[in-house]
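Trainee: Please show me the protein, and then I will ask about its fold.

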Amino acid sequence: MSKPNNPLSHYELQALAAQLACPSGEQAAQVGDAMADGNRTMIHHAIDHLQLQAGQHVLEIGHGGADHLDYLFTQQPDLYYSGLELSPAMHQRGEQQPHANATFYLYDGDNLPNFPQPFARLFSVNTLYFWPQPAEFLNALSDILATDALVCLTYGCKDFMISLPFSRYGFTLYDEADIERLVAQTPFTVHAHHYANDHVISKSGEPVDRQFCTTVLHKA
């Protein structure tokens with residue numbers, strides 16, 4: 001998937017970006033494993049800021065292989081989790097997770113399923129870049145959330161993401177000001193921005209010091 005000592009070509013970077021947006025085909029399993037490993041710190045950061053309470057219904061947008069569900073249910077065992085995926089390959093991997101209180105849905109990236117209940121918490125890690133109409137999508141998400149719901153969106157900071165060669169292909173990058181402008185078009189308010197750093201191997205194979213943020217939104 002990556003060539004640490006040999007820069008990827010334009011076509012390889014474009015293909016990598018497409019796989020990160022929606023893992024598919026023969027590379028899907030490899031990409032899913034790489035995302036589970038490389039995004040672990042970011043995923044845990046999002047979960048840690050959800051302020052989980054017993055009995056809540058939690059939705060995740062873009063769960064990948066859902067290997068982090070052990071961590072989620074360790075933080076609060078009494079939860080009802082729903083995972084929503086664009087990638088059929090990742091949806092299939094999610095359904096193999098052995099958690100009785102986890103349900104998985106496949107969607108087309110725009111039209112949300114008819115969920116049986118509103119959600120008290122929602123989180124999504126490294127998907128915001130790929131939302132084609134982010135304000136409209138946040139407005140749609142608001143309709144499936146309960147009053148006083150919290151949303152955690154975790155993403156690489158714009159100044160860092162610009163340094164990754166694949167980010168020029170299909171990624172929309174965000175800094176704090178961009179997020180504030182986006183959220184102003186929705187029913188949400190920004191509750192907090194939580195910044196963190198870690199050291200990882202990027203999806204194109206280089207060691208990087210990653211700067212990321214979890215923005216917590218509140219639905220009144």
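Predicted model: local features only at pLDDT ≥ 70, side-chain atom pairs only at ≥ 80, totals over all residues.

Trainee: How many helices and strands does the protein chain have?
Mentor: Both kinds of element occur in the protein chain. The count is 8 helices and 7 strands.

Trainee: Which radius of gyration does the protein chain have, and why does it agree with a compact globule?
Mentor: The protein chain has 220 residues, and a compact globule with that number would have a radius of gyration near 17 Å. The value for the chain agrees with this because it is 17 Å.

Trainee: What percentage of the residues in the protein chain is buried?
Mentor: A residue counts as buried when its relative accessible area is under 20%. Of the 220 residues in the protein chain, the buried ones make up 54%.

Trainee: Which residues of helix 3 are buried, and what covers them?
Mentor: Helix 3 runs over residues 40-48, and its buried residues are M42, I43, H45, A46 and I47. The cover over these residues includes helix 4 (69-75). Also included are strand 4 (119-125), strand 5 (145-156), strand 6 (188-201) and strand 7 (207-219).

Trainee: Where is R93, and which backbone oxygen does its side chain reach?
Mentor: R93 lies in helix 5, residues 88-95. Beyond its neighbours within four places in sequence, R93 is in contact with G32, D33, G65 and D67, as well as A29. At 3.2 Å, its side chain reaches the backbone oxygen of A29.

Methods:
Residues numbered from 1 in each chain as written. Heavy atoms only, no water. Helix = DSSP H or I, 4+ residues; strand = E, 2+ residues; numbered from the N terminus. Rg over C-alpha atoms; globule rule 2.2 N^0.38 Å. Buried < 20%, exposed > 50% of the residue type's maximum accessible area, 1.4 Å probe, protein only. Contact = heavy atoms within 4.5 Å. Polar contact = N/O pair within 3.5 Å; in protein donor to acceptor, adjacent residues only side chain to side chain.
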